[in-house]
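This report describes selected computed features of a structure. The sequence and the coordinates come first, followed by the text.

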There are 2 protein chains.
Amino acid sequence: MSNDTNTTNAATVSTINPDLLKERQQATFDVERITHMLDGSVSNTDRRRYLEAIIQRDPTGIFDNGNNHYLHRTDRHVRSMAKGVRLIELCRKLGIGNDDDCSGEIIQSPDFQILLEAVADDIPLALHWVMFQPNIVSLCDEQQQAEWLPLCRDWRMIGCYAQTELGHGSNIRSLETTATFLKQADGGMPGGSWIIHSPTLTSTKFWPGTLGRTANHAMVIARLIDGNGIDRGIHNFLVPLRSMEDHTLLKGVTTGDIGPKIGYNNMDNGFAQFDQVVIPRRNMAMRFASVDEDGNYTHNNNNDATSKVAYITMMQVRAMIVNGASKALAMACTITLRYSAVRKQGFAEDGKTEVQILDYTQQQHRILPLLAASYAFFFTGRKLWKQLKDIERKLIAASGGASDNFNQQSSVSKEQVSDIHATSSALKSFTTMVAADGIEECRKACGGHGYLSCSGLPELFTSYLQSPTVEGDNHMLPQQVIRVLLKLVQAVQQQKQNTNLDTYKSCNSYALVPSLQAIIQGRSEQCAAINAQDLCQLSTLLLALRHRAARLLLAVSYQLERDMTETGCSLPTAWNHALVAMAKASKAYSQFLLLQDFMEGILHERQNQVIGRPEVDVLSDLAKLLALCWIEKDMGDFLVDGYMRPEHASWIELNVLQYLSIVRQNAVALVDARDFSDFRLKSVLGRYDGNVYPYIMEAAQKDPLNDVEPGPAYEVALKRLVRDGVGVYSGTASRL
Amino acid sequence: MSNDTNTTNAATVSTINPDLLKERQQATFDVERITHMLDGSVSNTDRRRYLEAIIQRDPTGIFDNGNNHYLHRTDRHVRSMAKGVRLIELCRKLGIGNDDDCSGEIIQSPDFQILLEAVADDIPLALHWVMFQPNIVSLCDEQQQAEWLPLCRDWRMIGCYAQTELGHGSNIRSLETTATFLKQADGGMPGGSWIIHSPTLTSTKFWPGTLGRTANHAMVIARLIDGNGIDRGIHNFLVPLRSMEDHTLLKGVTTGDIGPKIGYNNMDNGFAQFDQVVIPRRNMAMRFASVDEDGNYTHNNNNDATSKVAYITMMQVRAMIVNGASKALAMACTITLRYSAVRKQGFAEDGKTEVQILDYTQQQHRILPLLAASYAFFFTGRKLWKQLKDIERKLIAASGGASDNFNQQSSVSKEQVSDIHATSSALKSFTTMVAADGIEECRKACGGHGYLSCSGLPELFTSYLQSPTVEGDNHMLPQQVIRVLLKLVQAVQQQKQNTNLDTYKSCNSYALVPSLQAIIQGRSEQCAAINAQDLCQLSTLLLALRHRAARLLLAVSYQLERDMTETGCSLPTAWNHALVAMAKASKAYSQFLLLQDFMEGILHERQNQVIGRPEVDVLSDLAKLLALCWIEKDMGDFLVDGYMRPEHASWIELNVLQYLSIVRQNAVALVDARDFSDFRLKSVLGRYDGNVYPYIMEAAQKDPLNDVEPGPAYEVALKRLVRDGVGVYSGTASRL
């Protein structure tokens with residue numbers, strides 16, 4: 001693809017594909033207003049476009065992605081490292097991360113996020129900012145931060161976060177790497193040391209990003225064996241890996257890259273083995289626990305406080321993941337919807353005019369609900385982020401500092417922390433699943449050309465595929481969701497005996513209570529819609545999703561109880577039997593939250609006059625379509641207990657078709673509103689100007705296979721057939 | 001991965017992972033008997049293993065796949081070409097394709113199929129055998145075959161099939177490439193010529209495999225403009241692309257590779273543009289139509305006969321696709337189930353023993369239905385192949401030669417040809433969808449390590465992803481299915497007026513008739529199961545799937561009628577509105593056929609004593625699980641018209657859990673029975689011996705990123721941070 005020098009989609013009208021032009025002209029709303037809404041404000045949009053232009057017009061040219069697909073993995077890695085270094089230089093010039101106080105919170109800087117996304121390529125070095133520095137801020141004491149954060153800021157220390165091991169993924173309880181205390185008297189350093197060691201092959205640190213080739217320090221998660229030989233469980237240790245002078249490996253450390261992956265291949269995900277590596281005692285992260293010179297272990301806060309902080313950190317990443325699901329899915333929709341407007345197949349009733357793919361209801365049914373989901377995820381991701389920041393702020397205010405036990409003083413209830421954990425777990429699992437499957441559906445919906453790397457969809461998809469697995473596997477998370485929600489169920493069930501439901505009032509899951517109460521009390525809820533039109537009211541659809549979520553949650557609860565009382569199962573066995581039902585309940589809860597947040601979000605933007613009536617209408621149409629399609633897909637969930645009747649099912653189907661046609665009119669404008677520049681989309685199919693075919697050909701011709709005639713395989717292989725005739729049948733061969 | 005020299009899974013018991021050993025010991029059936037069933041006979045198994053050993057032990061070592069993932073695409077392509085040439089040499093030695101009569105039907109040779117699969121890598125040259133030669137056999141007249149097939153056999157002519165164009169995928173009606181007749185008198189060759197021409201950018205031939213760098217001839221599909229200037233629609237023309245002497249491009253031809261793709265990158269899918277390329281008149285494929293020296297066009301058979309042959313050819317490929325879906329899915333299941341037996345996470349009730357991933361019901365629910373589907377696809381693929389061969393045989397017998405009009409004489413009814421078209425379309429669409437999604441589900445179910453290329457799953461997945469799109473896009477095919485099935489509906493509806501239902505008796509879709517009749521006549525069918533146990537009888541489940549398929553098919557019919565009569569839509573508009581419903585009906589029909597074929601297949605193998613009671617039991621368990629999971633997933637379809645009641649829904653859920661646990665016991669043995677050697681699986685996670693972790697490490701260490709210390713990016717990029725300090729904060733930068 002050509003290295004388009006426009007940040008914004010500034011193609012002139014005359015060069016734009018006429019079908020795309022028509023799509024844009026028929027939009028019923030102001031595209032820019034939605035763009036401003038997504039960016040947060042008009043000035044945010046301006047700032048984003050300004051920063052995107054800086055990347056795109058960078059005089060070094062290093063950010064050109066035009067050759068990405070033709071490079072060997074090694075060369076792509078090297079190039080992405082060069083991009084990273086240039087990005088750091090630009091950040092210095094732009095004043096991003098130039099903290100005099102070294103708070104290290106570059107990850108919170110909107111400018112930084114914008115630049116990182118503007119690069120439109122995976123930058124391994126970014127993990128230093130995104131994971132390593134925040135970890136020091138969260139888990140190290142003030143003195144440690146004062147020492148290490150300036151080194152981080154100045155890129156003397158280049159760090160990674162080393163948790164997972166070859167034989168142990170998310171199950172941190174099983175981690176095998178040890179950090180054993182060694183007193184000075186026993187041969188340790190002055191003040192004592194830790195011996196970091198990998199006792200087995202399976203304890204090899206495996207997967208951490210940049211661990212392989214890039215980082216010179218790792219925050220290693222290891223079992224702490226204190227000076228008294230007591231295993232204190234897992235803690236964090238800052239382990240130097242490589243020289244800060246010349247990047248050579250330090251004694252006792254073996255690292256390397258873990259090899260090619262389905263995607264995300266810029267990144268040197270790494271392995272590391274530690275052979276009795278000695279580090280100073282004070283390299284243990286000591287904010288919440290410490291070990292003195294004699295090797296005595298102390299909690300600086302109770303465990304609950306520690307885990308609360310860990311929760312919040314983890315969940316902030318999850319809010320970013322939900323927002324990332326929105327963006328990735330929106331990118332895929334942008335490519336597919338624009339191409340579906342340009343691409344034609346089959347003939348209209350006149351037998352001559354070819355039909356835009358976008359006009360086929362089947363294509364609409366595949367893609368438009370995904371477009372709607374991408375908007376839903378935006379509102380929910382933003383709300384989740386705000387909630388987490390709010391909780392964090394309250395926790396910090398209440399704690400009055402790192403060394404207090406803030407648990408009892410906080411205005412944040414235990415239930416609220418658990419609830420946000422459940423909410424973020426459910427949403428992480430559901431949104432990344434929808435985005436991963438959705439991007440692939442978009443790719444398939446581009447037909448054969450979606451299989452080409454130059455369509456942009458293969459790499460968007462395969463790199464995105466890490467998301468369903470990292471930060472809590474999507475299939476493990478529902479258990480955590482249900483574990484929390486079952487407590488709410490219990491509280492509702494016991495409501496008459498006490499008043500403990502009040503503590504749930506600031507919880508997201510509290511919204512389920514009316515349905516939970518109704519079902520528990522045997523008041524059967526039923527869908528009140530009396531005709532098809534009734535059944536596309538957002539409030540009606542939300543009630544349906546709420547009822548289903550509550551019912552499925554109760555079903556898990558009943559199943560567990562029944563299994564244990566009737567068949568005498570132990571809890572773990574009953575729990576295992578209920579895993580499938582838990583996954584269903586967690587998904588149902590997510591869909592309820594997402595529709596609720598979507599509705600609230602639209603209202604909020606309208607009240608703040610960020611958007612007007614036309615934008616409210618088009619966003620509401622999206623929300624309706626989304627809910628209708630979700631219900632259509634799981635119709636059995638709504639029929640089985642009589643919440644809906646068969647006529648509701650037909651109305652749902654009718655309404656789906658109706659809203660597909662309504663949303664279709666604005667489909668291209670709605671992806672335009674995401675304002676992904678061609679530079680960011682990196683797709684010949686998704687170009688703003690719709691000039692698809694010349695750029696497919698351009699991309700084809702760039703393949704190195706075309707560099708020589710008659711092709712690189714001729715001399716090595718094909719010549720044996722063509723010249724030497726090894727394929728000629730002599731008529732004499734006998735059957736072996 | 002090491003280049004294992006065993007063809008069969010001959011690891012000794014002592015080296016096998018104890019958990020895998022346990023899995024194998026608890027199997028309730030004879031694994032080898034299932035293997036023989038899959039191969040067709042004991043001697044087929046022996047022959048397969050013998051041929052696989054030839055590939056694996058080939059003294060040239062060219063077939064080693066151990067470095068595939070580390071090579072640049074160009075190098076992989078070159079290597080795969082070398083493999084292809086070696087494979088041709090071996091075929092010569094083995095007597096494969098050594099036809100004295102040049103029938104060219106190497107694709108029908110089981111030995112050839114085995115060798116091709118044994119290579120366990122995509123071989124571009126194979127398309128010559130698989131698509132090009134059969135095309136000459138089908139569409140060229142005897143004289144043409146006599147001239148060209150020996151050249152094909154001897155690899156003098158290396159051919160590809162060039163249909164799709166840059167702007168036109170499966171929509172052959174829109175193809176733009178022209179073949180214009182030129183009389184000798186007007187400057188043509190003696191006897192007349194064709195001028196092959198690409199009039200536009202979008203007419204560029206695009207996608208054909210080997211067109212880019214490998215083929216020296218292409219069977220080009222182009223619009224025939226005869227000597228009278230009349231457009232006769234699309235026909236096939238043999239166009240020389242490159243010199244048969246030195247592979248240089250011929251005048252007027254431009255070709256190249258189309259660039260990197262999400263998978264299948266060994267293949268040089270190509271583009272070609274023709275600039276007034278002149279070829280002899282007799283290079284038009286003349287079996288079914290011809291043009292004389294004066295440019296007069298004649299049909300040699302009526303169009304119907306031509307299209308029947310095209311149908312059968314296309315559908316044979318589809319039977320192979322269904323069988324391919326079975327194999328690809330079985331490979332993914334093999335990897336994931338073996339790894340799920342070895343991999344542990346979480347603790348058992350004793351708090352000490354770690355739990356095998358395979359014991360989690362959630363994991364079982366993800367993978368075991370896919371295992372069942374892989375077996376179902378085997379039986380259906382085999383049946384479809386037999387049916388097609390049977391029809392082909394009858395058509396050929398009836399035609400008495402190429403030049404007769406066999407349509408009227410054939411014992412194959414028009415309905416039967418349409419029916420097999422509908423059946424194969426539905427099954428192609430459904431099975432490749434299940435396989436593609438299923439392989440990815442298997443990959444995700446391996447957790448993080450499934451993201452590694454060395455797991456084997458990424459390439460299995462991304463290369464498989466062509467299948468949902470090629471040979472009829474999965475989302476286009478349902479229309480073809482429904483178009484045919486609606487005629488059956490009509491016949492049933494008109495049954496009293498005439499007897500035309502008899503002509504459907506040898507059709508697959510005839511099995512739907514009892515349910516169609518019942519629904520049309522208003523006799524409501526209902527599930528007869530009175531308890532959970534009742535509801536896991538295969539006959540009961542099959543009736544449910546039949547009813548649902550018939551109901552959804554009728555729903556399409558009613559919707560079309562209603563749209564046209566009530567709202568006055570034209571048929572194309574009504575048709576477009578019904579596309580979503582058609583996709584549902586087509587899927588439902590596939591599921592019905594698959595369960596029916598599965599049941600018939602088990603019975604058949606039992607009657608022929610290929611398998612015994614234990615094997616019948618375990619296969620029946622798989623069939624039950626599959627049907628239960630399908631119904632569970634689409635529960636709404638069975639509830640909405642009262643075919644099932646809410647208690648049925650609970651029984652289905654209970655039965656699913658029960659059959660997961662039953663099938664789980666034999667899960668590893670059932671994938672062992674597919675007898676994929678480690679050489680073919682190419683997966684460190686799916687190894688027969690379960691020795692997973694050392695081989696993951698071995699694969700990691702082989703990455704070229706690890707060839708140098710401190711890594712290839714150091715000198716080029718990282719040094720600027722580490723040595724030059726470009727990341728150091730000077731404290732003076734101003735905010736831009």
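## Interface, salt bridges and local geometry

The model is a predicted one. Together the two chains bury about 12600 Å², of which 60% is on carbon and sulfur atoms. On the side of chain B, the residues B:Y451, B:L705 and B:Y729 account for 7% of the area buried against chain A, more than any other three residues.

The interface also holds charged and polar pairs. By the rule used, 12 salt bridges cross between chain B and chain A, and 54 residue pairs are in polar contact, both residues at pLDDT 80 or more.

Side chains of opposite charge can pair when their charged atoms come close. Over all chains, the structure has 106 salt bridges.

| Residue pair | Distance |
|---|---|
| A:R213 and B:E709 | 2.5 Å |
| A:R73 and A:D257 | 2.8 Å |

Two packed helices are described by the angle between their axes and the distance between the axes. In chain A, the axes of helix α14 (residues 538–565) and helix α17 (residues 613–633) come within 10 Å and cross at roughly 35°. The crossing of α14(A) with α17(A) is left-handed. From α14(A) the contact uses A:L538, A:L541, A:A544 and A:L545, while the residues from α17(A) include A:A623, A:L628, A:W630 and A:I631. The class count for this contact is 9 nonpolar, 1 polar and 1 charged residues.

Most residues other than glycine have a negative phi, and most peptide bonds are trans. Which peptide bond of chain A is cis, with omega near 0°? It is the bond from A:E709 to A:P710. A:P710 sits in the loop between α21 (692–701) and α22 (713–722) of chain A. In chain B, the bond from B:E709 to B:P710 is cis, and B:P710 lies in the loop between α21 (692–701) and α22 (713–722) of chain B. A:K682 is not a glycine, yet has a positive phi of about 50°; A:K682 is in the loop between α20 (678–681) and α21 of chain A.

Terms used
Residues numbered from 1 in each chain as written. Chains lettered and ligands numbered in written order. Predicted model: local features only at pLDDT ≥ 70, side-chain atom pairs only at ≥ 80, totals over all residues. Heavy atoms only, no water. Axes fitted to C-alpha atoms, helices over the stretch in contact; angles between N-to-C directions. Helix = DSSP H or I, 4+ residues; strand = E, 2+ residues; numbered from the N terminus. Left-handed = near helix turned anticlockwise from the far one by under 90°. Contact = heavy atoms within 4.5 Å. Nonpolar A, V, L, I, M, F, W, Y, C, P; charged D, E, K, R; others polar. Buried area = accessible area lost by both parts, 1.4 Å probe. Salt bridge = Lys/Arg side-chain N within 4 Å of Asp/Glu carboxyl O. Polar contact = N/O pair within 3.5 Å; in protein donor to acceptor, adjacent residues only side chain to side chain.
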